[in-house]
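Here are my notes on this model, point by point. Please read them with the structure open.

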Amino acid sequence: MEPKAINRENFFDLLWVNYTELIGEGYAEKPLEWVKLFRAENSNGAFEKYKEVNGLPVWEENYEGQPYNEVQRGEGYDITIVNHRFDQSYTITWEYLEDNKEKIMGGKGVSLVGATEMGRGCRVKQELTAAEIINKGFDNVGYDGVSLFSTAHPLAEGTMANTPATDGDKALTDANLKKAIQAAKGQVDNMGIKIQTKPNQMFVASDLYFTALTIINSALISGTNNNDKNVIGMVAPLEVHEMSYFDDGIWVLRDTSMRNLIFQWRSHPEFGYYNIQGTADYKVWGRARWGVGYIDWRGLYGAKIAA
């Protein structure tokens, strides 16, 4: 079969394969960080509603011939995560294509302007929207009336913390990490029953990454002159992940068995183009819809070092 001639009308169509490959390169040039911290789910509408699960008391002993021990289950908080549209477009002129077509088709390092950047921009926006939940999680007002990381999450009776109460305990040190692990292990459901939280991941801002690795991987307790063995890995083996878009000074522990941070896809990224009516130019576009949020604070324990 004779190769298809390149002309004014079909040149962009022939380049589109090249363009989509470059989008993919920009999108995948760095692994997505949020996928380690958030649970990805699919959404079927403009938003998703969640109901906080209220706990029940532990079972009571019963005796022969007696009716079941009846308990009342209260309603939990209503939680909504809204999906948002994210997109981008720009124009590629015929003049640009005309002036560069031989170099593009000949593989001389000239590609369609903006292709890699468009893929990269989509990836980075996902990272930013996910990281915003954590960055604002120390002073936002969440579904239970307090921030994601709070010293006073309301329970049926009393409150519970998932962040240190004092600035001295927020610094990332061996001693403070042990306190945080112990505090996370003490988390309870709404009825005050322990839920056996066991942190197995640690997410840190870039400025704390080497500190975290030193604390976790040192043979002896870091930051001291004694010979005591570092036992953190025995008590709570932690995978350490650097989060490029966390604000400085943030570190978070997470139990991956618990459903809390949600990244919900309404529409995965897609890309396309069309000829601009009445011109020889083309409009390139990309679009997606997603929402991020949290439906529980349990399984998370975080700190933000005071500036």
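1. Threonine 129 is buried, because its relative accessible area is 10%. Buried means under 20% relative accessible area, exposed over 50%, and partly exposed in between (1.4 Å probe, protein chains only). This is a predicted model: local features need pLDDT of at least 70, side-chain atom pairs count only at pLDDT 80 or more, and totals for chains, interfaces and linings use all residues. Residues are numbered from 1 along each chain as its sequence is written, and side-chain values use heavy atoms, with hydrogens and water left out.

2. Threonine 129 sits in helix α4, residues 115-135. Helices (H or I, at least four residues) and strands (E, at least two) are DSSP runs, numbered from the N terminus. Leaving aside neighbours within four places in sequence, threonine 129 is in contact with Phe86, Phe263, Trp290 and Val292. Contact means heavy atoms within 4.5 Å.

3. Which side chain makes a polar contact with the side chain of threonine 129? That of tryptophan 290, at 3.1 Å. A polar contact is a pair of N or O atoms within 3.5 Å; within protein, one must be able to donate a hydrogen and the other to accept it, and residues adjacent in sequence count only if both atoms are side-chain atoms.

4. Cysteine 122 also lies in helix α4. Cysteine 122 counts as buried because its relative accessibility is 14%. Not counting residues up to four places away in sequence, cysteine 122 touches Tyr27, Pro269 and Trp290. Cysteine 122 and proline 269 are 147 residues apart along the chain, yet their C-alpha atoms are separated by 7.8 Å.

5. The largest pocket holds about 380 Å³ of space. Of its 19 lining residues, Ile81, His84, Ile133, Val292 and Gly293 are the closest to its centre. A pocket is an open set of points on a 1 Å grid over the protein atoms alone, where a 1.4 Å probe fits, with protein on both sides within 12 Å along at least five of seven lines; lining residues have an atom within 4 Å of a point. The volume is the space filled by probe spheres set on the points, with grid points joined across faces, edges and corners.

6. β3 (78-82), β4 (84-92), α4 and β11 (282-294) each supply at least two residues of that lining. The largest share, five residues, comes from β11.

7. Overall, the protein has seven helices and twelve strands. Of its 307 residues, 43% count as buried.
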